[in-house]
Amino acid sequence: MSMFRVKDRDAIGVAVLGAGRMGLNHIRTLAGIPNARVVAVADPDLAAAEHGRAIARAQRAVGAPEEAIAHPDVEAVVIVTPTSTHASLIEMAARAGKAVWSEKPIALTIAETQRVVELVKSLGTPVQLGF
């Protein structure tokens, strides 16, 4: 199990996946956290991603969540996407060594939820769920 650490506690790079109504709420919340810095906003609707990028003053707006997760300055990922995507995005971010905050639930089935929980435990990546 690895120990997660941020590079600079005063400038934590964040990717926001999902720039719909709730995604924009989370972007606005992140804007009020002095040590959080939104690096990338991802949404399949590039206009929505760009709108989120402008609000966050982020470096990038992208259509693919994989691109945002892989960005070298991203240390944490906020997942505000359709429920059916949560498990795969949590897994992708955790495997990339990124801390994760995701809207609930983790997955649509108990079996998939258990699989993701076990993976995250084995990786030692911080994951939190919320609404």
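Which residue of β4 is the bridge partner of L17? I looked this up as the opening entry, and the partner is I79.

**Ground rules.** I am working on a predicted model, in which local features need pLDDT of at least 70, side-chain atom pairs count only at pLDDT 80 or more, and totals for chains, interfaces and linings use all residues. I number residues from 1 along each chain as its sequence is written, and side-chain values use heavy atoms, with hydrogens and water left out.

**Sheet.** I took helices (H or I, at least four residues) and strands (E, at least two) as DSSP runs numbered from the N terminus. I called two strands paired if DSSP finds at least two bridges between them. I found 6 strands in an open sheet, with parallel pairing and the order β3-β2-β1-β4-β5-β6. β3 (60–62) and β6 (127–130) are at the edges with a single partner strand each, so one side of each has no neighbour in the sheet. Direction ignored, neighbouring strands are turned by 20° against each other on average.

I then went through the pairs. β1 (residues 12–17) runs parallel to β2 (residues 36–42) over 6 bridges, and I12 is opposite A36 of β2. β1 and β4 are parallel and joined by 4 bridges. β4 and β5 are also parallel, with 4 bridges, and here I79 faces S102 of β5.

For angles I used axes fitted to C-alpha atoms, for helices over the stretch in contact, with values from 0 to 180 degrees between N-to-C directions. Contact means heavy atoms within 4.5 Å. Helix α1 (residues 21–31) lies across β1, β2, β4 (76–79) and β5 (99–103), at about 165° to β1. Helix α4 (residues 83–95) touches β1, β4, β5 and β6, and makes about 170° with β5.

**H86.** Is H86 buried or exposed? I find H86 buried, with a relative accessible area of 1%. H86 belongs to helix α4. I noted that its side chain reaches the backbone oxygen of P105 at 2.6 Å; a polar contact is a pair of N or O atoms within 3.5 Å, where within protein one must be able to donate a hydrogen and the other to accept it, and residues adjacent in sequence count only if both atoms are side-chain atoms. Beyond four places in sequence, H86 contacts residues including I79, T81 and S102.

**T81 and T83.** I placed T81 in the loop between β4 and α4. T81 is buried at 19% relative accessible area, and touches L17, G18, H86 and L89 when residues up to four places away in sequence are not counted. T83 lies in helix α4 and is partly exposed, at 28%. Leaving aside neighbours within four places in sequence, I list P105 and L108 as contacts of T83.

Conventions: Buried < 20%, exposed > 50% of the residue type's maximum accessible area, 1.4 Å probe, protein only.
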